[in-house]
Structures are given as C-alpha cells and as structure tokens.
Amino acid sequence: MNISVTPNQERLIRIRLQNGKYNSAEEILDVALRLLTEFERTDAEWTQSVKNKIDAAIETSTHTPPIDGETFVAGILERFQESDKA
C-alpha cells in the first residue's frame, strides 16, 4: 500500500525522526494508528455513557413531578456554591 502525506504531515514525521524517538515513518504511523484506535474506543464509550445518562434521566422524569426552570437553575447554583465551599 502506498500512502501519500501532505507537506505538513511529512514535516512532522521528519521532525520526529530527527528527534530520534522513532526509527522509521512506519513506526510513527503504527503509533498514530494505535492512538486513533484508542481515541475511537474511548469516544464510543463516552457516547454510550451519555446515551445511558440521557435514558436514565428520561426514565426518572417519568416518575418525578415536573420542576419549573427557576427552581431548577436555583438548585444548580446552590450546588455550585456548596462545591466552592468544599
């Protein structure tokens, strides 16, 4: 497989090779792909976590009475003030 890189990408690769941390462009690409895989995994986990929290909030909202906006915001501000004291 042949891979083309932009001039900026080539410059970044050359800098890293000159620094001596990596022995080849292939090694740099291997590290980059491992990092990409890790990023995608953690991103998927974060997305699923947010979806789960939204689902839980929706489920909770079906069992609790509604709250007006002013009361809600006042409660959030109170929690922030309490956390500042801690």
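Biologist: How many residues does helix α3 have, and how far does α3 reach from its first C-alpha to its last?

Modeller: This is a predicted model, in which local features need pLDDT of at least 70, side-chain atom pairs count only at pLDDT 80 or more, and totals for chains, interfaces and linings use all residues. Residues are numbered from 1 along each chain as its sequence is written, and side-chain values use heavy atoms, with hydrogens and water left out. Helices (H or I, at least four residues) and strands (E, at least two) are DSSP runs, numbered from the N terminus. The expected span of a helix is 1.5 Å times one less than its number of residues. Helix α3 covers residues 69-85, which is 17 residues, and reaches 25 Å, close to the 24 Å expected.

Biologist: Which residue caps the N-terminal end of α3?

Modeller: A polar contact is a pair of N or O atoms within 3.5 Å; within protein, one must be able to donate a hydrogen and the other to accept it, and residues adjacent in sequence count only if both atoms are side-chain atoms. Here the cap is Asp68, with a side-chain oxygen 3.1 Å from the backbone nitrogen of Glu70.

Biologist: What span does α1 have?

Modeller: With 13 residues, α1 reaches 18 Å from first to last C-alpha, close to the expected 18 Å. Just after α1, Gly20 has a positive phi of about 85°.

Biologist: How is the largest pocket read, and what is its volume?

Modeller: Rolling a probe the size of a water molecule over the atoms shows where empty space is left. On a 1 Å grid over the protein atoms alone, a cavity is a set of points where a 1.4 Å probe fits but cannot get out, while a pocket is an open set with protein on both sides within 12 Å along at least five of seven lines; lining residues have an atom within 4 Å of a point. Grid points are joined across faces, edges and corners, and a volume is the space filled by probe spheres set on the points. The largest pocket has a volume of about 290 Å³. Its lining includes Ile3, Gln9, Ile13, Glu26 and Leu29. The elements giving two or more residues to this lining are α1 (7-19) and α2 (25-61), and α2 gives the most, with five residues.

Biologist: How do the lining residues of the largest pocket divide by type?

Modeller: Ala, Val, Leu, Ile, Met, Phe, Trp, Tyr, Cys and Pro count as nonpolar, Asp, Glu, Lys and Arg as charged, and the others, Gly among them, as polar. The lining divides into seven nonpolar, two polar and one charged.

Biologist: Why does Arg16 count as partly exposed?

Modeller: Buried means under 20% relative accessible area, exposed over 50%, partly exposed in between (1.4 Å probe, protein chains only). Arg16 counts as partly exposed because its relative accessible area is 38%. Arg16 is in helix α1. Leaving out residues up to four places away in sequence, Arg16 touches Lys21, Tyr22 and Ile28, where contact means heavy atoms within 4.5 Å. The C-alpha atoms of Arg16 and Ile28 are 8.2 Å apart.

Biologist: Is Gln81 buried or exposed?

Modeller: Gln81, in helix α3, is exposed at 51% relative accessible area. Asp43, in helix α2, is partly exposed at 36%. Asp43 and Gln81 are 38 residues apart in sequence and 31 Å apart in space, C-alpha to C-alpha.
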